[in-house]
Amino acid sequence: MQVDFVRGNEFIGLNNYREVFANSALLISIRNTLYYMLLCVLIGFWVPSVVAMAISELRRFQGGMRLIVYLPHIVPAVVLYGMWQWLYDPLGPANQIASWLGNHQFMWLTDKSIAMLSIVIAETWQAFGGTTLIYLAGIVGIPKDLYEAAEIDGAGVLQRIRHITIPGIRHIYVLMFIMQLIGTSQGFMTHMALTGGGPNNATLTYMYQIINEAFTNLNYGRASAMGVLMFLVLTSLSMVLYYFQGRSKEA
C-alpha cells in the first residue's frame with residue numbers, strides 16, 4: 001500500500017517489500033541491531049542479577065540499596081541523555097578518568113568502533129535497576145530454610161549463591177534473556193538522542209531506520225513493510241519465550 005494523504009492510498013502489491021530489501025541501509029541496520037543486541041547481552045544482561053545477589057546478601061540497608069539502584073530508572077529521559085552527552089564529551093568526566101588511568105582520550109560518540117558500546121553502557125546504567133528488582137523478587141521467593149541449612153553446614157557466600165540462589169532464579173534468567181532480546185531488538189531512543197544513528201550509520205538500528213522512513217522520508221508504506229517484518233521476527237521470539245516458560249514450569 002502506498003500511503004498518500006493528498007491523492008489517496010494506492011495498492012502497489014509487494015513493491016514496498018522490494019524497496020525495503022533493495023535499500024542498502026537495511027543490511028547495515030540489521031547488522032547494527034544484532035551487534036547492539038550482542039553487546040547488551042554481554043555487558044548489560046548480567047549486571048542486574050549480580051547486583052540483586054549482592055543486595056540479597058546484605059545484612060543491613062537492603063531497603064536503601066533497592067531504592068538507590070532503582071533511581072537511574074526514574075531519571076527523566078531529557079536529563080539522562082543530557083547527562084551522558086556531558087559524560088562522553090571529549091573534555092568530560094569519562095575522558096578525564098581515562099586520562100588518569102592511561103592518558104588516552106576516547107571519542108565516545110563519534111568513533112565508529114566504540115559509539116555502540118558507549119550507548120550500551122548508558123542504557124545498562126539506566127535500565128538495570130528495574131530488572132534488579134525482578135531478580136530480587138525471585139530471590140526473596142527462595143525458601144529461607146535452604147540458606148539457614150547451608151550456613152549451618154558452613155557454606156560461604158559464593159557457595160550459597162552457586163548452589164541455592166542461581167538454581168532458584170534460573171527460570172527468571174530465561175525469561176529476562178528473551179525479554180531483553182525482544183526489547184533490544186526495538187532499541188532506537190538512545191541512538192537517536194546521543195548519536196543520531198552516526199557516525200556514518202554505525203549506530204543505525206533497524207527500529208531507527210523504520211522511524212527514519214516514516215517521519216524523515218515520509219514513506220509510510222516502506223516503514224509499514226519494515227514493521228511487518230519486525231512483527232514476524234518478534235512473534236517468533238515470543239513463541240520461543242512461551243516454549244521456554246512451559247519447560248521451566250514443567251521443571
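Analyst: R160 and E57 are both buried, where buried means under 20% relative accessible area, exposed over 50%, and partly exposed in between (1.4 Å probe, protein chains only). This is a predicted model, in which local features need pLDDT of at least 70 and side-chain atom pairs count only at pLDDT 80 or more, while totals for chains, interfaces and linings use all residues. Residues are numbered from 1 along each chain as its sequence is written, and side-chain values use heavy atoms, with hydrogens and water left out.

Side chains of opposite charge can pair when their charged atoms come close. A salt bridge is a side-chain nitrogen of Lys or Arg within 4 Å of a carboxyl oxygen of Asp or Glu. R160 and E57 form such a bridge, with their closest N and O atoms 2.7 Å apart. The two residues are 103 residues apart and link distant parts of the chain: R160 lies in helix α9 (residues 157-168), and E57 in the loop between α3 (46-56) and α4 (62-70). Helices here are DSSP runs (H or I, at least four residues), numbered from the N terminus.

R160 also meets E151 in a salt bridge, at 3.9 Å from N to O. R160 counts as buried because its relative accessible area is 6%, whereas E151 is partly exposed because its value is 38%. Through shared partners, salt bridges join E57, R59, E151 and R160 into one network.

Another bridge pairs R222 with E213, whose closest N and O atoms are 3.1 Å apart. Both R222 and E213 are buried. The whole structure has five salt bridges.
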